[in-house]
Amino acid sequence: MQELRNLFSLMVGSKRKYVDPSRAVEILKDAFKSSESQQQDVSEFTHKLLDWLEDAFQMKAEEDREGEKPKNPMVELFYGRFLAVGVLEGKKFENTEMFGQYPLQVNGFKDLHECLEAAMIEGEIESLHSAENSARSGQEHWFTELPPVLTFELSRFEFNQALGRPEKIHNKLEFPSMLYMDRYMDRNREITRIKREEIRRLKEHLTLLQQRLERYLSYGSGPKRFPLADVLQYAMEFASSKPVCTSPVEDIDSSAPPGGTTGQQPPPLSTAEQDSLPPLESSGPASGPTTALAAAQQQRVPIHKPFTQSRLPPDLPMHPAPRHITEEELSVLEGCLHRWRSEVENDTRDLQGSITRIHRTIDLMYSDKSMMQVPYRLHAVLVHEGQANAGHYWAYIYDPHQRCWMKYNDISVTKSSWEELVRDSFGGYRNASAYCLMYINDKKPFLIEEEFDKETGQILSGMDKLPPDLKQYVKEDNELFDKEIEEWDILQAHKAQQEKLALATAAAAASSAASSTPTSSSSPQPMSTESSPPDNTVPQQDPEYMEQPSPTNDSKHLQEDTERAISRAAAEQEERSPEALLNASLPPPTSPQPEIQVSTPSTPPPDLVIEDESLGQHTVEVAIPNVGTFVIESEEGGYDDEAMMTPNMQGIIMAIGKSSSVYEKNGPEAAFFKAIKLEYARLLRFAQEDTPPENDYRLQHIIVYFIQNQAPKKILERTLLTQFADRNLAFDERCKSIMNVARAKLDLIKPEEVNMDEYEMWHQAYRNFRETTILMMTGLELFQKTNYVEALMYLIYSYQYNKELLSKGLYRGHDEELLGHYRRECLLKLNEQAAAMFESGEEPEVTTGLGIMNELVVPCIPLLLIHDTERDMLAVEDMRNRWCSYLGQEMESNLQEKLTDFLPKLLDCSTEIKSFHDPPKLPSYSTLELCERFSRIMAAICRVPTEGR
């Protein structure tokens, strides 16, 4: 009892999203285990719970009021009394009984009043109020006292003797939102009996009228019957039809030549014989019938002519019609049929009208004011979906303050409507139906109205409604919850700090390793974002800066020059066109000279073609799309052709090529500023473009990702500098000089000028974005190939990771709706495959199908339920309904057993993720390959119509 008080008080005043009822449930479980027979039925559980509560209140009331008759709130709220009046073997009796949940049978009834009428009268009750002394037995129930909360228990389960198991009754049963109980009250006994007798006579008359109407609507003596009015109409149409004959041998007479005899003809031949005879020539007056017949018989040759031999008789009409009927006969017949049809239609209308009037009279039998004095308003409906041995429960409860129905489905509480309640509760739709109805006395509004403070008169809400002990309990639980949140925040902050320390330690170790590597002072080795590391001494990873002390005092000046170049490019991007930016130069030239574009000479320049194997040097010819073909000089093993093909490297080479005139006139320093300005302006333009999904510049350029997500300026500058310091640029003198300038500037930046933890955090965020993209791309590719089993995990994890990315910024991830659609569709496809395997009935197929559901689909359902989106909820309902539809079908006992074991897992609405697969291993892709594959799959799915996605 105390645990239930605590539970309900938490539901009133807790700060938690939902309350855990585990402690109360465990107590109830233990109590059930201790009973002689373990209860399984939900109605029996409710009965037992009410009994316990009644006992608990009774004990408390007896303690508080010694010597007085205690009041039990459970009895006052939920229990009523009825009078049982009857005859047992000819002897009359009257007994008063108490009831809590009033049981009603559902099978065979269409609405709640029919159920109540049947429950109030048991056996043959004519003798109860007849003057004759009879030995018949029967009884009536009459309510003498109704509880404020009236509960009806709808019996929707019955035991199937043939199958040896319980079955659920899915019949439709309607119930009203306002129920008037006057006709069942003992004080209205005599009036109700009179009305029931009148209804009985009306129903008997109604039965006779319906039987007569049925004879008109289903006329005939054979297996097929039709409305009599239609039969008469068809007869009239037949009589008035005119025969239209066509002969398939109309051209036979035309075969006789002119001048032939018109004398006596031989006996007519059959159609086949006529067709097989050749035309007869005229032999003048001497020719007679005998001669002609003999000639025909002598010349007859049996020839098979399938078309002519299968022709219809020449006098058969094209459609059914009388062969012989006079105008006088037709006139009489039409007149009779018209008259008879009119009489039949009038009789049918009269019968239908009488039936309608009787129905209306029965419906209005209890509509007078004297029988509408005990109103009960529907307050709650408890619904069960599934079958007798498996299913899911939820409830609809009316909220009088919001004036709407609320749906309570596990931890989900949502607004609903009367239409949804009717659909799910009446029965006959899917496998859901109400099993318990709770009505509240409409003349006792205090049951649901707000409570008021007796002294101040203010409305009490939340914690104010609770007694002092429960207020203290809820307060302590809320303080505990606040402490849990605080501890969780501290734990998360500690984890984040540990991750940062680990990253900083790794960065320091890598920096120390880089500084200890022997390098030339004029060309320090760089770290590159999307290229290989310098030489082979440092493992390939995201860039870190060589935090060496500046050898000169002009480091700040050089850094400011770089910042000004990037800032000026960003400012000019807003004011000037890209073409103007590409033609601009940082230092103004002394005299105009044309820009030198990067091109491929037909013969490599002599200074680049150096082949000295003894020195470990070699040359390589590289073709870069959109840039050109280069003959590159490189140390053995030091050139990375994959890095040269990246979009980053292409853009940098183009920028260096466009700054060639500045390089020739003003040297590498000015050319570097020109090139970095051009490249930043190009990337800024990409970041501002509205591109289709298949052309995502974020995958091609990390700078675009940083710009769109508003990364700090220092992070952008260092990342761009690192790209210009890539060792793969050392393929000609100009590029190598600009690369050395970039390396020098990186070398001059002080450690305290850039937060390395923040730098690493942004680069890690970009790596996460790429990994999510690979998961998404792989999942979509597998989905397109209908490999739904493998696609699911990729789509599930890409959706979860993408959601985490989007929580930090709009441009940190991909389209959540698109990923959600394919995740949902993949689950639906797997559900269809598994259901089809189950329907096959073959043991291996059934096992495989249930394995797919248990291992893949069921563990993913909480992921769809946790965010409570409408499309995901509908998808879950569709999957459940598919499997619940098998419950009413006949199947082998082993399949029934497997289905019974599986359904509770599917119908579990918990959003707790109990078990899940590990993330799939990610393949390694170069930037170029990733961009190409991503573009292909996004272009493919974007061609699918919107309604198909």
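I looked up arginine 200 first: at 39% relative accessibility it counts as partly exposed, since partly exposed lies between buried (under 20% relative accessible area) and exposed (over 50%), with a 1.4 Å probe and protein chains only. The model is predicted, so I note that local features need pLDDT of at least 70 and side-chain atom pairs pLDDT 80 or more, while totals for chains, interfaces and linings use all residues. Residues are numbered from 1 along each chain as its sequence is written, and side-chain values use heavy atoms, without hydrogens and water.

I then checked the partner of arginine 200. Its side chain meets that of glutamate 197 in a salt bridge at 2.2 Å, N to O (a side-chain nitrogen of Lys or Arg within 4 Å of a carboxyl oxygen of Asp or Glu). Both lie in helix H6, 3 residues apart, about one turn of the helix (helices are DSSP runs of H or I, at least four residues, numbered from the N terminus). Glutamate 197 is partly exposed because its relative accessibility is 26%. I find Glu197, Glu198, Arg200, Arg201 and Glu204 linked in a network of salt bridges.

I counted 33 salt bridges by this rule. One of them joins glutamate 117 and arginine 196, with the closest N and O atoms 3.0 Å apart. Glutamate 117 is in helix H5 and arginine 196 in helix H6, 79 residues apart. Both are buried.

I also looked at aspartate 696 and arginine 698, whose side chains form a salt bridge at 2.8 Å, N to O. Aspartate 696 counts as buried at 13% relative accessibility, and arginine 698 is buried at 8%.

How values were computed:
Helices (H or I, at least four residues) and strands (E, at least two) are DSSP runs, numbered from the N terminus.
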